[in-house]
Amino acid sequence: MSRWERSSTARVVAPARPRKLAKVPFVELADGRVQGVVSSGSDIERVYVSSVASGSYGFACSTNNNRPCGGARGSFCNHIRALITEAVLQYGAVRVARYLKVETADGEQPDAARIAAAMAATNPEQGDTAAAAPVFSRFLRHLAYLELAPGNAPLPEMHWFPSTRAVA
C-alpha cells in the first residue's frame, strides 16, 4: 500500500485549464450527470441549476427558485452550453465526453462545441428537475466555506477533503 493510500487525504486532480468562476461558479460530474450552477446573464441575483444526463442526454435547467428556464424548450439553452464548456475546462474534453458517453463524429477530438452538438443531434428530451435542489445545496455549502475566517483549526466536516500538502 502506498503512502497516500494510508493517509486520510486524497490526491487533488488539477483543473485541465484555469477557468473564471463568474459565469459558472460550480460544475461537477456526479450522479450520472454533468451538473452545476450558471449565473444569469440578465439578473445578478438569479442563477440557474443546469444538468445533462449521461447516455440519454436528458437536460434540465431551472432557476434557484425552481422556475423553468425559458431557453430550454426542446433543445439545450445557453446555460447548459456554458455548463458543458466549463466542465470541459475543469475536467478536460475527453473525460467529459467519456462521462456523458458522447462519441464525436468520425473520431474527431472532442471539445465543448462538438460534445454539445453530438448530444443535441440525438434530440434529447427535457429531463426531471428533481436534481436541482441537491446540486444547489452543495453549491451553497461550498460558498459557506469561503466565508470562514482564515485559521489553522481543523474543520471536522472537511476531514474527507483532499489536501494539497505532501503526505510525509
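**The helix packing and its surroundings**

Mentor: α2 and α3 are oblique to each other, a term for angles that are not under 35 degrees (roughly parallel), over 145 (roughly antiparallel) or 65 to 115 (roughly perpendicular). Their axes come within 7 Å and cross at roughly 120°; an axis is a line fitted to C-alpha atoms, for helices over the stretch in contact, with angles from 0 to 180 degrees between N-to-C directions. On the α2 side the contact (heavy atoms within 4.5 Å) is made by A87, V88 and Y91, and on the α3 side by A93, R95 and V96.

This is a predicted model, in which local features need pLDDT of at least 70 and side-chain atom pairs count only at pLDDT 80 or more, while totals for chains, interfaces and linings use all residues. Residues are numbered from 1 along each chain as its sequence is written, and side-chain values use heavy atoms, with hydrogens and water left out.

α2 also packs against α4. The axes of these two helices come within 9 Å and cross at roughly 135°, which makes α2 oblique to α4 as well. From α2, the residues R81, I84, T85 and V88 meet A112, I115, A116 and M119 of α4.

Leaving out residues up to four places away in sequence, I115 touches I84, V88, A93, V96, A97, L100, V102 and P110. Together with V52 and M119, I115 has the most contacts inside the largest nonpolar core, which holds 29 residues. Such a core is a set of buried Ala, Val, Leu, Ile, Met, Phe, Trp, Tyr and Cys residues joined through side-chain atoms within 4.5 Å; buried means under 20% relative accessible area, exposed over 50%, and partly exposed in between (1.4 Å probe, protein chains only). Two or more residues come from each of β1 (26-30), β2 (33-39), β3 (47-53), β4 (59-63), α2 (78-91), α3 (93-100) and α4 (112-120). α2 gives the most to this core, with 6 residues. Apart from this core lies another, of 8 residues, and V37, V49, F136 and F139 are among them.

Pairing requires at least two DSSP bridges between two strands.

On the β4 side, 5 bridges join the antiparallel strands, and V52 stands opposite F59. The hairpin of β3 and β4 has 5 residues between the strands, and G55 takes a positive phi near 85° in that hairpin.

The loop between β4 and α2 contains C69, which counts as buried because its relative accessibility is 4%. Apart from neighbours within four places in sequence, C69 is in contact with Y48, C61, S62, C77 and H79. C69 and H79 lie 10 residues apart in sequence and 8.8 Å apart in space, C-alpha to C-alpha.

As for the whole chain, there are 5 helices and 4 strands, taken as DSSP runs (H or I, at least four residues; E, at least two) numbered from the N terminus. Their pattern along the sequence is α-β-β-β-β-α-α-α-α. Of the 168 residues, 36% are buried. Among contacts with a separation of 6 or more, 54% join residues 24 or more positions apart.
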